[in-house]
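I opened my notebook beside the model and jotted down what I looked up. Come along with me, entry by entry.

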Amino acid sequence: MNTPVVIAAYARSPFHVAEKGALRKVRPDTLAATVVKALVERSGVDPDAIEDLILGCAFPEGEQGLNLARLVVLLAGLPQSVAGVTMNRFCGSSMQAIHTAAGAIQMGAGEAFICAGVESMSRVPMMGFNPLPHPDLAAGVPGAYMTMGETAENLARKYQIPRAEQEAFALESQAKAATARAEGRLADEIVPIEVDGETIDQDGCIRPDTSTEGLAGLKPAFFADGTVTAGTSSPLTDGAAAALVTTEAFAKSQGLPILARIRSVAVAGCDPTIMGIGPVAASRKALARAGVGVADLGIIESNEAFAVQAMAVEREMGFDRARTNLDGGAIALGHPLGATGARITGKAAALLKREGKELALATQCIGGGQGIATVLEAA
Amino acid sequence: MTAMAERISRVAVIGAGVMGGGIAAQVANAGIPVTLLDRGDLAARALERLRKADPAALMSPRDADLVTTGDVDADLGLVAEADWVIEAIVEDVAAKRALYERLESAIGPETIVSSNTSTIPLAMLTEGRGAGFRRRFCVTHFFNPPRYMRLMELVAGPETEPAVVKAVRETADRLLGTGFVDAHDTPGFIANRIGTFWIQAGVNAAFGLGLSVEEADAVMGRPLGIPKTGVFGLMDLVGIDLMPHVSASLLATLPEGDAYRAHYREHALIGRMIADGFTGRKGKGGFYRLDRAGGRREKQAIDLVTGEYHPAERPSVAAVQAANAGGPAALIDHDSRAGRYAWAVLGPTLAYAASLVPAIADDVAAVDRAMRLGYNWTYGPFELIDRIGVDRVIARLEADGAALPPLLEAARGRGFYRQEPDGGVAFLGSDGDYHAVARPAGVLLLADVKRGAKPLARNASAALWDIGDGVTCFEFTSRMNTLDEQTMALLAEALAITASNHRAMVIYNEGENFSVGANLGYVLFAANIGLWGQIEGAVKAGQDAYKAIKYAPIPVVAAPAGMALGGGCEILLHAHAVQAHAETYCGLVEVGVGIVPAWGGCKEMLLRAFADKRRPGGPMPAVNRVFETIALAKVARSAKEARALGYLGREDGITMNRDRLLADAKARALALAEDFTPRQPPAPIRLPGPSARTALMLAVDGLAKRGLATPHDRVVADGLATVLSGGDTDLTEAIGEDRIAGLERQVFATLVRREETLERMEHMLETGKPLRN
């Protein structure tokens with residue numbers, strides 16, 4: 001990048017299961033505003049210096065409708081001079097927010113951006129309230145509206161990944177997340193949320209009691225004869241995440257706690273019927289742009305929409321599992337669609353610093369057949 | 001007592017067993033807050049069981065919110081707020097007395113206390129209590145399960161205040177919907193006194209004459225208007241281990257010389273079954289069991305001689321066939337083992353019943369009503385005697401050398417009931433005279449209206465009656481109340497007659513079910529010989545007839561009870577108002593036979609969903625909701641649930657007591673007739689067209705992949721999606737109801753030509769169950 005861009009801070013709400021979880025009664029705009037406000041306060045950034053709030057959301061309607069980003073600016077009590085734009089690349093929305101900020105910085109369109117994401121899957125359902133797909137497209141390109149579960153089953157078939165291996169992967173994700181929580185490694189990034197006088201400051205999706213037997217007993221979730229279950233899928237989740245993205249010079253001048261520098265970014269399209277493989281093309285492009293290889297990566301955040309999806313990506317990319325999703329992935333932590341990109345990019349940046357590594361990759365798949373990737377380096 | 005609570009607004013039930021829990025649930029169903037007490041957390045656990053009970057104890061999940069549970073020791077003070085405390089604890093006189101002693105000081109000064117005892121005389125229960133308690137005490141004996149068994153035997157003691165009896169009666173009748181019968185304070189009251197005798201006689205005779213349990217139940221069931229469970233199936237249902245307790249209690253309290261004492265026998269096999277845990281459906285099995293060994297489901301019956309189970313037979317009994325043609329008289333006179341069995345059970349039972357009036361109840365009508373409501377007999381013992389012929393019964397008893405009860409002697413040559421010139425019915429009283437069967441105020445039965453009256457119009461499928469005050473009653477009369485072109489033809493005529501000479505019309509009948517829908521047999525027959533024009537004509541005729549209801553110049557009130565399925569549900573959707581019995585089971589179940597609702601069901605459900613101001617915005621939620629309801633053939637398990645599903649509107653009424661349904665519907669019709677203005681067509685609606693159909697089918701495809709929808713389910717769902725999305729309409733275009741009705745016809749015509757649809761219909765007609773093809 002011509003102008004070096006850094007991730008100066010990262011924060012998120014606790015993630016809770018949709019419809020049953022502790023955040024089900026929290027409006028998504030409130031959730032996002034609470035996280036954004038905390039991010040600004042914790043980082044110590046001068047709010048007047050912020051150019052724009054770029055907010056990712058996968059189903060921007062209902063309480064997530066209108067120009068959610070601008071409403072969050074006002075809700076969070078940021079100066080009126082801060083602008084707001086809502087952005088949708090489905091699951092990649094808030095990683096896209098970071099890319100967009102980095103791009104804006106390159107063209108001199110600002111120095112400091114809040115790149116956030118939110119999804120209340122309790123309050124706005126997947127597909128939205130009024131799904132009205134294009135009849136001709138649905139008939140002509142079946143992948144266009146295919147359910148994510150079906151794309152996961154397609155990957156299981158294509159990569160011949162049996163159910164037991166998917167379950168072993170899910171078990172490992174749960175174990176990593178449970179340990180991280182128990183050892184307090186998640187505490188720093190979580191912004192407590194007040195709900196009806198109660199403070200929610202812990203994640204709610206993690207299931208530390210997950211067992212091989214328990215997973216083996218679940219029914220297939222999408223195909224009668226399928227291999228993917230609720231246990232090997234990321235849960236429907238409520239949550240918000242935010243990262244502070246600035247020029248390196250700005251961060252230094254303000255004395256911000258720089259986590260990592262952005263080295264390269266990429267997006268790529270793929271066959272929508274196996275959308276889960278999207279990270280492969282995106283990651284390869286981003287790594288090539290950075291001029292590094294997979295072996296150079298010390299930290300990998302590879303989103304787990306489904307165990308089989310993350311495993312297919314792992315296999316194609318040759319990811320070292322010991323360096324991947326150190327504190328657990330979306331299967332255990334949850335996947336609030338619009339918020340995940342900011343979480344895994346912010347997390348990769350924070351891990352880079354915590355673990356003292358040089359290079360990190362954050363990547364995720366996107367419904368409709370896309371991938372998005374970001375390469376970070378120690379700053 | 002002068003200040004007796006006129007209205008019972010809070011009830012407490014003590015004892016959270018099967019009966020206590022069931023009673024509390026029915027009180028909650030009636031909308032009355034109820035406190036349920038038992039030891040420790042037993043009441044709380046009972047409430048959890050009630051939530052999940054099958055058949056459902058609660059009419060709506062929200063009714064559970066009306067139940068407060070507590071510990072009978074710690075929370076006994078809660079009874080102070082109750083207007084009526086119902087005791088349903090263990091059948092033990094000492095335990096009940098001890099509880100009453102504690103209640104005496106805990107209850108309010110006007111609180112009524114009643115016992116759900118089934119066998120203990122009231123006089124024994126109140127021993128040791130003060131006069132103030134005794135005058136507020138009575139026995140209210142419910143039957144299990146209280147929601148579904150309507151009988152409540154009400155026993156007042158000599159000191160019970162009339163105002164107490166009145167308050168309990170009113171509440172039980174109007175709010176709980178029970179059919180109360182005044183019983184005298186004698187052991188087992190009415191129904192169980194006769195029922196226990198009948199069961200004992202049925203068991204004795206089966207052993208004595210060497211009948212199998214299948215044969216015995218085939219004889220002692222349907223041919224006599226008794227549930228098909230007969231004697232042995234009934235014991236399995238209530239619990240075989242219960243019988244010795246009931247017998248012991250009766251033997252301890254029945255008068256010397258009571259005929260039950262002579263009939264009482266212990267059968268070694270039954271004793272062994274109880275000891276080994278074969279106590280019926282709740283145990284390891286009973287006289288019947290379902291063998292699930294090796295993944296199969298085989299109904300088996302026990303051999304009364306060897307005690308071994310064998311595959312249950314469907315006995316072909318000549319005596320039963322004789323009864324089909326010649327009624328119960330042909331059954332008891334049939335010269336066969338089965339015929340002898342029928343008489344060996346019925347003869348003594350009928351004589352026993354006749355010997356007990358007026359000891360157990362004021363009159364034969366009360367006894368008959370108790371057996372109808374408590375044991376689900378179609379005819380009580382005295383009605384049965386009349387059907388057989390009283391003189392024939394007397395002759396048979398005399399031939400047996402049995403003693404004739406005086407009441408039976410008094411009926412010789414005339415019978416227990418007689419038709420009065422005014423159309424009413426009179427029963428033979430103990431004084432030897434006939435007395436009119438009185439209906440309580442607010443009870444109007446079509447059967448009474450019809451007796452001796454001529455219909456205003458009738459054909460093979462329906463009839464129109466004058467029920468007074470300017471109101472007519474349209475009755476379905478076909479088998480199972482199925483609907484066909486004749487129904488529709490008479491409906492048109494009925495509306496014309498009512499409009500010219502009357503003020504309002506009620507659609508009502510007293511069949512087991514309001515209507516199970518269109519006559520599928522006819523559709524299948526016509527389809528098999530390719531009479532497509534006929535079928536499509538019938539669809540159009542139904543749409544026109546229902547539309548005529550909707551826009552009738554006089555108000556039309558539909559009053560369903562039991563199942564109202566398919567076309568039987570669609571007619572409700574077109575009426576100006578519905579007054580439903582609480583036990584109404586509505587559903588648009590057409591997809592089960594491979595078609596879509598085409599008598600305006602899709603149309604009306606859509607219009608309702610769009611008119612609902614509380615629905616979420618956008619074109620899809622309303623379409624989606626209706627699609628789910630119809631595509632999944634959701635059947636409401638109560639009138640309250642029908643409201644939740646949208647089959648009934650919020651302004652439609654619910655009547656708890658079946659006997660009050662017609663009067664309530666008539667009152668509703670007359671209220672609507674004041675300043676009645678015929679309906680105007682609804683505002684056109686904007687449906688999303690093909691995009692919505694695509695969205696709905698994406699969801700259906702997801703279900704199919706999960707193995708939850710069959711290939712033909714998908715075809716039918718696609719047809720339904722076409723209708724509900726408005727066909728090829730566009731979001732910018734507002735369309736009227738006739739366009740949707742046209743889509744119903746068009747899709748119906750396509751689906752009915754499919755082989756898979758006809759297979760579904762055939763399967764439904766043969767088995768009564770949907771085919772998943």
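**Entry 1: getting my bearings.** I began by noting that this is a predicted model. I then looked up the secondary structure of chain B and found 31 helices and 27 strands.

**Entry 2: overall dimensions.** I checked the C-alpha trace of chain B, which spans about 85 × 65 × 65 Å along its principal axes. What radius of gyration does chain B have? I found 28 Å, which agrees with the value near 28 Å for a compact globule, because that is what 773 residues would give.

**Entry 3: burial and contacts.** I looked up how much of chain B is buried, and 51% of its 773 residues count as such. I also looked at contacts in chain B with a separation of 6 or more: residues 24 or more positions apart account for 69% of them.

**Entry 4: the cores.** Which residues touch the most other members of the largest nonpolar core? I wrote down V34(B), I190(B), V506(B), V596(B) and L720(B), out of 254 residues in that core. Helix 14 of chain B, residues 337-355, gives the most to this core, with 12 residues. I noted another core lying apart from it, of 133 residues, including L23(A), V45(A), C91(A) and I331(A).

**Entry 5: a helix pair.** I turned to helix 25 (residues 620-631) and helix 29 (residues 711-725) of chain B, which pack at an angle of about 145° with their axes 10 Å apart. Their crossing is right-handed.

**Entry 6: where the chains touch.** How many residues does each chain bring to the contact? I found 16 from chain B and 14 from chain A. On the side of chain B, helix 25 and helix 28 (690-705) each supply at least two residues. Helix 28 of chain B gives the largest share of that side, 8 residues. By class, I noted 9 nonpolar, 5 polar and 2 charged residues on the side of chain B that touches chain A.

Conventions: Residues numbered from 1 in each chain as written. Chains lettered and ligands numbered in written order. Predicted model: local features only at pLDDT ≥ 70, side-chain atom pairs only at ≥ 80, totals over all residues. Axes fitted to C-alpha atoms, helices over the stretch in contact; angles between N-to-C directions. Helix = DSSP H or I, 4+ residues; strand = E, 2+ residues; numbered from the N terminus. Left-handed = near helix turned anticlockwise from the far one by under 90°. Contact = placed C-beta atoms within 7 Å. Nonpolar A, V, L, I, M, F, W, Y, C, P; charged D, E, K, R; others polar. Core = buried A, V, L, I, M, F, W, Y, C linked by C-beta atoms within 7 Å. Buried ≥ 20, exposed ≤ 12 C-beta atoms within 10 Å, placed from the backbone. Rg over C-alpha atoms; globule rule 2.2 N^0.38 Å.
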